[in-house]
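Thanks for coming. I have one structure to go through today, so please keep it on the screen while I talk.

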Amino acid sequence: MEGETRVHIGSEIDIIEARERGRTIGKLVGFHPVDQTIIATAISEIARNIIFFAKQGTMSFEVIAEGNRRGILIVAKDSGPGIADISMAMQDGYSTSRGLGLGLPGVRRLMDEFQVISIVGKGTTVTMKKWVAHYD
Amino acid sequence: MEVPILKQGGHLIAAIQAALTDADLIRLQDALVEQVGRYRSKGVIIDVTALDVMDSFATRTLRSMAHMIKLRGAETVICGIQPEVAFAMVQLGLTLEGISTALDLEEGLALLNRRTVNSNQSV
Ligand SMILES: Nc1ncnc2c1ncn2[C@@H]1O[C@H](COP(=O)(O)OP(=O)(O)OP(=O)(O)O)[C@@H](O)[C@H]1O
Ligand SMILES: [Mg+2]
């Protein structure tokens, strides 16, 4: 599993495609089934935000290694409206779309590393990582 | 992918077969709300065994589905949430508060049968 793969996010079908891609890579890297589901769920939230708020974007997946640990890096990019107040958007229950407002804060809880960079009028980049946990 | 809706006894069973798009979920919602009236069903089971992800949209839609079905006079039981899915939902912060759940289809049917018998007796 070398390099990165990219999925264009432009419709609801792509959300399913992206999370299946994430699950497949997660399995190859050696993630526990619970963590594969966690990764797929995080992807689903972030991809849906792209569709919902930015209409389209891309999501790329990469296997990463650091010392003797391995993991997955997922970067979601769009050129949508951006987020004016990120700290607000990261709060449970904050939504501008009558959603549950759980997507961003929930994904932060699901992943090991999570970062949102957004410029109003330019777009949003969400970067997230998860490391394979060793249950020993 | 269209979700088949089966009729068993007085109940409707929505047997989800594979991952659903948002549009599929909305179609299922419309079909169930309509069929509860058409078949005068007292109970609905939504079997989510085949769903490998339940994100905020799916959870929100299932929740409103159950509430709409309630307003139409029937009970909803969601059954078959997989252990990994339950784990991810809790960490994400998603709940199905106020909605009946069951381990699998068999338990779901048993729960509905008890409920609908009781409500028949009380009227
Ligand atoms: N890619 C994006 N582009 C622009 N705004 C975004 C993007 N992602 C999130 N947001 C903003 O951040 C808010 C919070 O996002 P979050 O995913 O937490 O909640 P939601 O999508 O509104 O509801 P939920 O995800 O629970 O259905 C959104 O309501 C929206 O205003
Ligand atoms: Mg969201």
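This is a predicted model: local features need pLDDT of at least 70, side-chain atom pairs count only at pLDDT 80 or more; totals for chains, interfaces and linings use all residues.

In chain A, among contacts with a separation of 6 or more, 61% are between residues 24 or more positions apart. The corresponding share in chain B, for residues at least 6 apart in sequence, is 72%.

Chain A has four helices and five strands, and from the N terminus on they run β-α-α-β-β-α-α-β-β. The radius of gyration of chain A is 14 Å, and the globule rule gives 14 Å for 136 residues, so chain A is as compact as a globular protein of that length. Taken along the principal axes, the box filled by its C-alpha atoms is roughly 40 × 25 × 25 Å.

Chain B also comes to four helices and five strands, but read along the sequence its pattern is β-β-α-β-α-β-α-β-α. For 123 residues, a compact globule would have a radius of gyration near 14 Å, and the 14 Å of chain B agrees with that. The C-alpha trace of chain B spans about 40 × 25 × 20 Å along its principal axes.

Next, burial and surface. Of the 136 residues in chain A, 48% are buried. For the 123 residues of chain B the figure is 48%. Chain A exposes about 6800 Å², with 51% supplied by carbon and sulfur atoms. Chain B has an accessible surface of about 6000 Å², and there carbon and sulfur atoms hold 53%.

Let me turn to one helix. Helix α4 of chain A, residues 103-110, is mostly covered, with six of its eight residues buried. Those buried residues are A:Gly103, A:Leu104, A:Pro105, A:Gly106, A:Val107 and A:Leu110. What covers them? From chain A, the cover includes α2 (33-54), α3 (86-89), β4 (113-119) and β5 (123-131). Chain B takes part as well, through its own α3 (83-92).

Helix α2 of chain A holds a residue I want to point out, A:Ala47. A:Ala47 counts as buried because its relative accessibility is 0%, and the cut-off for buried is under 20%. Not counting residues up to four places away in sequence, A:Ala47 touches A:Ile9, A:Ile15 and A:Met59. A:Arg108 is 61 residues from A:Ala47 along the chain, and their C-alpha atoms are separated by 14 Å.

Last, a residue in chain B. B:Thr59 sits in helix α2 of that chain, residues 56-71. Is B:Thr59 buried or exposed? Its relative accessibility is 0%, so B:Thr59 counts as buried. The side chain of B:Thr59 reaches the backbone oxygen of B:Asp55 at 2.9 Å. Leaving aside neighbours within four places in sequence, B:Thr59 is in contact with B:Met54, B:Met89, B:Leu94, B:Thr95 and B:Leu96.

That is what I have for today.

Technical notes. Residues are numbered from 1 along each chain as its sequence is written. Chains are lettered from A and ligands numbered from 1 in the order in which they are written. Side-chain values use heavy atoms; hydrogens and water are left out. Helices (H or I, at least four residues) and strands (E, at least two) are DSSP runs, numbered from the N terminus. Buried means under 20% relative accessible area, exposed over 50%, partly exposed in between (1.4 Å probe, protein chains only). A polar contact is a pair of N or O atoms within 3.5 Å; within protein, one must be able to donate a hydrogen and the other to accept it, and residues adjacent in sequence count only if both atoms are side-chain atoms. Contact means heavy atoms within 4.5 Å. The radius of gyration is taken over C-alpha atoms; the globule rule is 2.2 Å times the number of residues to the power 0.38. Accessible areas come from the Shrake-Rupley method with a 1.4 Å probe; for residues, only the protein chains shown count as cover.
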